[in-house]
Amino acid sequence: MSLGCKICDDLALKKVVEEELDKHNTYAFISRVQEHRGTKVSPETISNHAKHREYPPPDEKPALPKRDLAVLVRDKMYDAIEALPADAMLIKDFQPALGNAIRAQGAIDKRETKKVGNQTFILQLAAAMGERLGLTSGPDVIEGEATELV
Ligand SMILES: [Zn+2]
């Protein structure tokens with residue numbers, strides 16, 4: 001993408017250098033490694049390349065099957081939680097449903113070994129609950145009595 005960039009001009013070199021950059025090796029280190037491999041490329045060149053290199057698009061969420069019960073339950077629950085009045089969270093009857101949503105997320109997470117962390121949904125829920133309950137301190141602190149969900 002850059003004019004006159006030795007690294008961009010050499011796809012094989014580009015691949016190797018970017019792999020090294022991804023490992024957070026220094027420009028000087030990468031330069032030395034390349035020299036050992038027979039390709040002279042200065043730390044400056046690597047530095048310049050690092051500035052204009054194009055990163056692959058960030059990991060996209062893995063495509064899920066269109067009809068996935070766990071996903072459906074989770075999404076419906078999430079929508080429902082968002083639509084609930086603030087005090088609904090405190091109603092005991094609501095909590096088994098919340099437990100189901102969390103279990104649904106657990107099932108999803110088991111299948112997705114990717115980066116969609118276990119905690120993402122829990123944190124989202126906590127944040128949503130926090131908002132609903134008018135807490136200002138975010139998901140870290142949720143006041144009130146703890147109730148076992150499971
Ligand atoms: Zn370049």
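**Ground rules.** I number residues from 1 along each chain as its sequence is written. Since the model is predicted, local features need pLDDT of at least 70 and side-chain atom pairs count only at pLDDT 80 or more, while totals for chains, interfaces and linings use all residues.

**Core.** I looked up the largest nonpolar core and found six residues: I7, V17, Y27, I30, V41 and I46. Such a core is a set of buried Ala, Val, Leu, Ile, Met, Phe, Trp, Tyr and Cys residues joined through C-beta atoms within 7 Å. Buried takes 20 or more other C-beta atoms within 10 Å of a residue's own, exposed 12 or fewer, and partly exposed lies in between, with C-beta atoms placed from the backbone. Leaving out residues up to four places away in sequence, I list L13, K14, V17, V41, T45, I46 and H49 as touching I7 (contact: C-beta atoms, placed from the backbone, within 7 Å).

**H24.** I place H24 in the loop between α2 (11-22) and α3 (27-36); helices are DSSP runs of H or I, at least four residues, numbered from the N terminus. Its phi is near 65 degrees, positive in a residue other than glycine. Most residues other than glycine have a negative phi. H24 is exposed, with 7 other C-beta atoms within 10 Å.

**α3 and α4.** I find α3 and helix α4 (residues 43-52) packed at an angle of about 120 degrees, axes 8 Å apart. Axes are lines fitted to C-alpha atoms over the stretch in contact, and angles run from 0 to 180 degrees between N-to-C directions. Y27, A28, I30 and S31 in α3 meet P43, I46 and S47 in α4.

Key: Two residues are in contact if their C-beta atoms, placed from the backbone, lie within 7 Å. Helices (H or I, at least four residues) and strands (E, at least two) are DSSP runs, numbered from the N terminus.
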